[in-house]
Amino acid sequence: MFNTIQIICASEKNRLILRGIFKNLGADAVFSLDLNDALAIFEKARPAAIFIMDGEEPPVEIQLRELRRVAPFIPVIPLLKSRDAGRAVELMKAGAFDCAQNPWTEEALLPLYKKALNISGTTLELDTKGLRSRRRILALTLAALCALTGFSGGVYFGYKKYAARPVPQDTFALPYAHPTGIVIRKNSVLISDWHSQALYEHDAGNFNILRVVNLPETTPVALAAGQDSFWLAGTDGVIEKRLPDERCTRVSKSAPLSPIPDGACFDGLYFWTADSRSGQLVKRMPGDALTAIKTFTYPGRKLGAFTCDTRFLWAADPGLKGLVKMSLDEPERIISTTELPAYADKTLKLTALASKDGKIWFTGDARGRGLVFFKDEPK
Amino acid sequence: MNQNKVGTFIPVIIKTSLDLPPLWGRLSRLSPLEAELASQFELQAGRVVTLSFELRGAFDDIRARITAVSKDGDGYFNYSLVFLDHSQTAVLAEAITAQS
């Protein structure tokens with residue numbers, strides 16, 4: 001706060017008293033011996049208020065007049081030497097802001113000092129109609145903006161909370177009805193169909209067909225994914241190794257295997273074949289000949305579809321109506337069985353599985369139509 | 001006290017009793033029946049005082065009772081007053097009407 005005050009006082013004794021009081025009040029007091037002295041330093045001092053000692057020369061009335069001529073709105077407070085209400089009111093009529101009574105004390109002068117500092121300034125009054133009008137418009141605009149923001153926020157919140165969210169599609173209908181094998185690639189899905197004797201490559205996102213490779217010499221019954229190739233099993237028991245190129249070029253083929261497999265997979269180390277009719281799982285060497293190492297009996301009720309990954313063997317079991325998880329080391333022991341709600345459709349026949357990146361993909365047919373769906377791998 | 005209108009507030013002498021020196025302040029609002037007074041001096045609510053001021057002539061010893069007291073942030077006291085003498089308030093009303 002601007003706290004410079006000017007005190008016009010000739011008496012050394014009173015100046016000493018007032019200096020102590022105003023120092024204690026926190027004021028920056030500038031003393032002048034008389035009016036001329038005060039006016040000489042007024043411009044430099046720029047006080048917020050002026051205190052004048054009553055009873056000195058020139059009289060306070062004259063000092064008031066001269067000071068008001070220089071600074072019409074500055075609070076001037078005469079310091080009366082006695083409590084004289086009549087004198088105080090006369091001086092207030094002459095332009096004094098208020099009067100202080102003797103004895104001067106901090107307690108008595110504090111309200112006068114504080115009030116004088118607070119009211120110091122001009123009394124100019126501005127025509128604020130236009131300003132108020134603009135303020136009103138601004139306030140209304142701000143209120144409208146706030147309301148709009150709130151409404152938008154509410155709509156957005158409501159939409160986020162209550163609007164039906166598009167459920168990521170996890171089931172796709174196929175334009176063919178007899179899928180027998182499935183291989184999941186980086187951005188596409190390869191599915192074999194025995195009836196049309198073809199391999200279909202689908203877009204992994206929307207399942208649109210990207211290409212079709214006809215297999216006029218082979219009736220595919222199973223697919224298995226390899227590192228840079230895939231295996232295709234035919235109805236004759238022969239398993240061919242093919243490249244995923246434009247024509248799915250055949251690299252090698254095995255001798256007819258027995259029993260004739262209708263499921264196959266590669267766990268990264270060994271090749272596995274499955275025969276759903278006999279319920280036999282055969283562990284094989286991954287060479288061209290796919291030499292059998294050991295045969296296991298499927299531990300579930302009915303082997304519907306079969307696959308594996310680097311950790312487990314998986315089987316869709318229509319007898320258990322679930323997905324069966326088995327150990328690679330002990331395939332005859334079921335680790336877990338997870339119910340498959342899709343089996344609620346009694347016409348569903350799952351024919352192939354694939355495991356990739358924590359998801360199990362299923363393909364088969366139901367009600368005469370091919371379909372594919374996937375689920376998160378059971379924990 | 002409104003800082004822009006303090007100079008227009010009416011200076012007033014306040015008498016609290018015959019044996020005490022009078023005090024002073026300013027009338028910040030005046031109506032025929034009520035007034036508001038600002039002063040550096042403290043008075044008790046309920047006390048009867050007389051006011052002397054000028055408003056198109058001198059008004060001396062207008063009797064009023066302090067009905068409410070509040071102290072502002074600067075240490076000034078603001079008083080609400082009601083005038084007690086109907087004969088005085090009638091004259092006051094005339095002066096206020098003429099003033100306005």
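In chain A, four strands make up an open, antiparallel sheet in the order 6-7-8-9, where strands (E, at least two residues) and helices (H or I, at least four residues) are DSSP runs numbered from the N terminus, and two strands pair if DSSP finds at least two bridges between them. Strand 6 (179-184) and strand 9 (209-214) of chain A each have a single partner strand and stand at the edges, so one side of each lacks a neighbour in the sheet. Neighbouring strands of this sheet are turned against each other by 20° on average, direction ignored; the axes behind such angles are lines fitted to C-alpha atoms, for helices over the stretch in contact, and angles run from 0 to 180 degrees between N-to-C directions.

The structure is a predicted model, in which local features need pLDDT of at least 70, side-chain atom pairs count only at pLDDT 80 or more, and totals for chains, interfaces and linings use all residues. Residues are numbered from 1 along each chain as its sequence is written, while chains are lettered from A and ligands numbered from 1 in the order in which they are written.

Chain A as a whole contains six helices and 24 strands. Of its 379 residues, 36% count as buried, a residue being buried if 20 or more other C-beta atoms lie within 10 Å of its own, exposed if 12 or fewer, and partly exposed in between, with C-beta atoms placed from the backbone. Among the contacts in chain A with a separation of 6 or more, 44% involve residues 24 or more positions apart; two residues are in contact if their C-beta atoms, placed from the backbone, lie within 7 Å.

Further along chain A, strand 16 (residues 280-284) and strand 17 (residues 292-297) pair in the antiparallel sense over five bridges. How many of the six residues of strand 17 of chain A are buried? The count is zero, and the strand is hardly covered.

A:Pro259 lies between strand 13 (250-253) and strand 14 (263-266) of chain A. Because 16 other C-beta atoms lie within 10 Å, A:Pro259 is partly exposed. Leaving aside residues up to four places away in sequence, A:Pro259 touches A:Asp275, A:Ser278 and A:Gln280. The C-alpha atoms of A:Pro259 and A:Asp275 are 6.6 Å apart, although 16 residues separate the two in sequence.

Chain B has one helix and six strands, which run β-β-β-β-β-β-α from the N terminus on. Buried residues account for 29% of its 100 residues. The contact between the chains takes 20 residues from chain A and 15 residues from chain B. On the chain B side, strand 1 (10-15) and strand 2 (23-30) are the elements that give two or more residues, and strand 1 of chain B gives the most, with three. That side divides into 10 nonpolar residues (Ala, Val, Leu, Ile, Met, Phe, Trp, Tyr, Cys and Pro), four polar and one charged (Asp, Glu, Lys and Arg), with the others, Gly among them, counted as polar.

Turning to confidence, the model scores ipTM 0.89 and pTM 0.47. Chain B averages a pLDDT of 87, and 91% of its residues score at least 70, pLDDT being the predictor's confidence in each residue, from 0 to 100. Among the elements of chain B, strand 1 has the highest mean pLDDT (94) and helix 1 (residues 86-99) the lowest (83).
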